[in-house]
Amino acid sequence: MGTYRKFTDEEFLALYYLGIGDLKIAKKLNVAQNAVWNRRTKLGLIANNYRTCGKGNLTKEELLKRYKDGNKIKADRRDWKLENNIVFKKEYWEKCSKWQKENPKKVKLSAIKWNKKNPNYYFKHRRNLDKKCLKCNDVIDNRSTLCKNCYTSSHKNEQT
Ligand SMILES: [Zn+2]
């Protein structure tokens, strides 16, 4: 088991193209074999060593799919922790807001990208979801407490 250390793609690739296996790469980089596996999978690079189970090595497509699935599992775990672990939630949001403060341009760009990919998000999730007017039970914008009509009439009442 190697220690936790960050390494760049270039460091990894220099060793990968020597044709050595994950374990050897991990030893040379002084990191866990798992970290090397992760990076190689992310880049879709086929293993230099043969799999010990006797089956063929994973192809580029298989590797990239694994990486994507792995990230989905990680994201699901994170979401669960955010809901169930108060300390984790606090630290997570602190980390996020710190990163956002330090990278305002990236934040803006990713927001633009995200909105392009999910044009209906605002409509479906920010508005008209299941929030109802306190008085008449009409579905309303979730930033309000009353529908327009009730708001106007309650305002009138206040004034008279
Ligand atoms: Zn109403």
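Visitor: Which residues of helix α3 are called buried?

Guide: This is a predicted model, and in it the buried residues of α3, which spans residues 33-43, are V36, R39, R40 and T41. They pack against α1 (9-16), α2 (22-29) and α4 (60-84).

Visitor: What makes T41 count as buried?

Guide: Buried means under 20% relative accessible area. T41 has 0%, so T41 is buried.

Visitor: And what does T41 touch?

Guide: Leaving aside neighbours within four places in sequence, T41 is in contact with L63, L64, R66 and Y67. A polar atom of the T41 side chain also lies 2.6 Å from the backbone oxygen of W37. The cut-off for a polar contact is 3.5 Å, so the distance of 2.6 Å passes.

Visitor: How do you know that the charged end of R39 sits over a ring?

Guide: The distance has to be within 6 Å of the ring centre, and the charge also has to lie within 35 degrees of the ring normal. The charged end of R39 is 4.2 Å from the centre of the F7 ring, and it is listed as sitting over that ring.

Visitor: What comes after α3?

Guide: G44, and its phi is positive, near 70°.

Visitor: Which residue other than glycine has a positive phi near 60°?

Guide: That's N30, in the loop between α2 and α3. N137 has a positive phi too, near 70°, and is again a residue other than glycine. N137 sits in the loop between α7 and α8.

Visitor: Why is N30 called partly exposed, and what is N137 called?

Guide: Partly exposed runs between the buried limit of 20% and the exposed limit of 50%. N30 has 43%, so N30 is partly exposed. N137 has 53%, which is over 50%, so N137 counts as exposed.

Visitor: Why is the Y92 and W93 pair called edge-to-face?

Guide: Let's start with the total: there are 4 aromatic pairs. In the pair formed by Y92 and W93, the ring centres are 5.2 Å apart and the planes are at 80°. Centres within 6.5 Å make a pair, and planes over 60 degrees apart make it edge-to-face, so both labels follow.

Visitor: Are Y92 and W93 buried or partly exposed?

Guide: Y92 has 18% relative accessibility, so Y92 counts as buried. W93 has 47%, so W93 is partly exposed. Elsewhere, F12, Y16 and Y17 form one aromatic cluster.

Visitor: How do you know that the span of α5 is close to what's expected?

Guide: α5 has 17 residues and reaches 24 Å from its first C-alpha to its last. The expected span, at 1.5 Å a residue, is 24 Å. At the start of α5, a side-chain oxygen of N85 comes to within 3.2 Å of the backbone nitrogen of V87.

Visitor: What about N103, is it buried or exposed?

Guide: N103 lies in the loop between α5 (86-102) and α6 (104-117). N103 has a relative accessible area of 18%, which is under 20%, so N103 is buried. Its side chain reaches the backbone oxygen of W99 at 2.8 Å.

Visitor: What makes L146 buried?

Guide: L146 is at 19%, and the limit is under 20%, so L146 counts as buried. L146 is found in the loop between α7 (121-126) and α8 (148-159).

Visitor: Which residues touch L146?

Guide: Not counting residues up to four places away in sequence, L146 touches C133, L134, K135, I140, Y151 and S154. L146 and C133 are 13 residues apart in sequence and 4.4 Å apart in space, C-alpha to C-alpha.

Visitor: How many helices and strands does the protein have?

Guide: There are 8 helices and 0 strands. Buried residues make up 20% of the 160 residues. The protein exposes about 13,400 Å², with carbon and sulfur atoms supplying 55% of that.

Visitor: What share of the contacts with a separation of 6 or more comes from residues 24 or more positions apart?

Guide: Those residues account for 31% of such contacts.

Note on methods
Residues numbered from 1 in each chain as written. Heavy atoms only, no water. Helix = DSSP H or I, 4+ residues; strand = E, 2+ residues; numbered from the N terminus. Buried < 20%, exposed > 50% of the residue type's maximum accessible area, 1.4 Å probe, protein only. Polar contact = N/O pair within 3.5 Å; in protein donor to acceptor, adjacent residues only side chain to side chain. Contact = heavy atoms within 4.5 Å. Phe/Tyr/Trp six-rings, centres within 6.5 Å; stacked < 30°, edge-to-face > 60°. Areas by Shrake-Rupley, 256 points an atom, 1.4 Å probe, with all protein chains shown as cover. Expected span 1.5 Å × (residues − 1).
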